[in-house]
Amino acid sequence: MQQTVNPSDPAFAQPWPARDDVRITAVRAIVTAPAGIPLVVVKVETSDDGLYGLGCATFTQRWRAVVTYVEEHMARLVIGRYPGDIEDLARMVRFNSYWREGPVGNNALSGLDEALWDIAGKRAGMPVHEMLGGKARAAADTYLHAGGRTIDETLEQAERLRERGLRHIRLQLGQSGSGHYGSRPTSPITDPSAPYPGGWRVGEYLYRTPELFAAARERLGDDIELLHDVHSRLTPKQAVTLARSLEPYRLFFLEDVIAPEHWDRLPEVCAASPVPIAVGELTTSVTDAARLVLGGGVDFIRSHVSDIGGLTAARKIAAAAELVGVRTAWHGPGDTSPIGAAANVALDVTSPAFGIQEGHIYPEQMHDVFPGTLRIENGWLTPNETPGWGIDIDEAAAARFPATTSVHDEWAARVRGIDGGMIAP
């Protein structure tokens, strides 16, 4: 239900005189799935006719909960307020729930926050990156993913990406069973005599992954930067074992080596690893991300920007990263909306801490729903130069792609060992 409530609630009233009489008049969530992945976008409307902003609020596994949070809980706090007070509005929404942090509330907050930045840019006649202080670089270098059942399949994909101008490529390799990440299985059965025959076997993963990168260096040469995603499935000691086995192949980074439940062990893993460690995809608050950056356990921070509260939160993390020598590598897969991708790039081109940006090639129907969606050109993402994000949403087109329950939640809960025990994704 769209909220357009009475703006006179004294608990959330404007605490100081506003610069002008523009006010937030409506806040609502738009859900669409042009690529089969539920995306949530928050639209904030104002009293200035035709002036609105868009923000990414995509928690694809729990998108219905985010919609409820936006429309039943958050909207009533900010309607009637001046849209320029972004920091105060973000803090008010964050503290209002009392029990704070977590991906549902922070994605809702991100949608509001990024929409307010969009409005600010439109009012100023400036792109968001210029509102952040302007460019520190012309564009953001990106990486894309290559993954196959066999080493040859993976490297064939990598060669095609190199032909498209990519300088950074993440490599993933299939193995038996259903627990590996980023490619198809070599066989549905890992061990027919095991209690869970199709489970994941860490030993197979630990010896096949170095074989992949040895072949990659021989076939792709030394000019391509190589990356790999563990997806949180190792113990701290196994993570060190893998990192050391990959040392000869000079990875750009090794991603998400242990589960967030064990992040207190990251400093020892990072200290023992000869390759850079990238972590943070599963941070669900700005404080989570700050502890990773400041705690000495990461070389790259990988947060999903909407999960930590949006642009306002992420720019603070980028500033902290700059001060301690950590680089950014914001999460940017297909369950990031084009608005979220634009927020990533605004951070990338304005922060001296930039390291690399995860890229995603959106299908053409996404460009129809979100006019202005950024395109990767020769491996580079360049921000729009039009005011705000430079991206709109065609609501009629969005309605042609209704969302259903995300397949991501099924995938995330089915990783098990051959003994049947569940493994953290």
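**Helix packing and a pocket in a predicted model**

Colleague: At what angle do helix α5 and helix α6 pack?
Modeller: This is a predicted model. Helix α5 covers residues 151-163 and helix α6 covers residues 202-220. Their axes lie 10 Å apart. The packing angle is about 40°.

Colleague: Is α5 parallel, perpendicular or oblique to α6?
Modeller: Angles under 35 degrees count as roughly parallel, and 65 to 115 as roughly perpendicular. The angle here is about 40°. The crossing is right-handed. α5 is therefore, relative to α6, oblique.

Colleague: How do the residues of the contact of α5 with α6 divide by class?
Modeller: The α5 side includes I151, L155, E159 and R162. Among the α6 residues they meet are E211, L212, R219 and L220. By class, the contact has seven nonpolar, one polar and six charged.

Colleague: Is the crossing of α1 and α3 left-handed or right-handed?
Modeller: Helix α1 spans residues 63-78, and helix α3 spans residues 103-124. They pack at about 55° with axes 9 Å apart. That angle makes α1 oblique to α3. The crossing is right-handed.

Colleague: How many charged residues does the contact of α1 with α3 have?
Modeller: From α1 come A65, V66, Y69, V70, M74 and V78. They meet V104, G105, N107, A108, L109 and L112 in α3. The classes are 10 nonpolar and two polar, and the charged count is: no charged residues.

Colleague: How are α3 and α10 oriented to each other?
Modeller: Their axes come within 8 Å. They cross at roughly 90°. Angles of 65 to 115 degrees fall in one class. α3 and α10 are therefore roughly perpendicular.

Colleague: Which residues in α10 meet α3?
Modeller: By class, this contact has two nonpolar, one polar and three charged residues. The α3 side is D113, E114 and W117. On α10, the partners are L311, T312 and R315.

Colleague: Which helix supplies the largest share of the lining of the second largest pocket?
Modeller: The second largest pocket holds about 260 Å³ of space. Of its 17 lining residues, the closest to the centre are E87, R94, V286, A313 and K316. α2, α3, α9 and α10 each supply at least two residues of the lining. The largest share is five residues, from α10.

Colleague: How many residues of that pocket's lining are charged?
Modeller: The lining includes eight nonpolar residues. Another four are polar. The charged residues number five.

Technical notes:
Residues numbered from 1 in each chain as written. Predicted model: local features only at pLDDT ≥ 70, side-chain atom pairs only at ≥ 80, totals over all residues. Heavy atoms only, no water. Axes fitted to C-alpha atoms, helices over the stretch in contact; angles between N-to-C directions. Helix = DSSP H or I, 4+ residues; strand = E, 2+ residues; numbered from the N terminus. Parallel < 35°, antiparallel > 145°, perpendicular 65-115°, else oblique. Left-handed = near helix turned anticlockwise from the far one by under 90°. Contact = heavy atoms within 4.5 Å. Nonpolar A, V, L, I, M, F, W, Y, C, P; charged D, E, K, R; others polar. 1 Å grid on protein atoms, 1.4 Å probe; cavity = no way out; pocket = protein on both sides within 12 Å on 5 of 7 lines; lining within 4 Å. Points joined across faces, edges and corners; volume = space filled by probe spheres on them.
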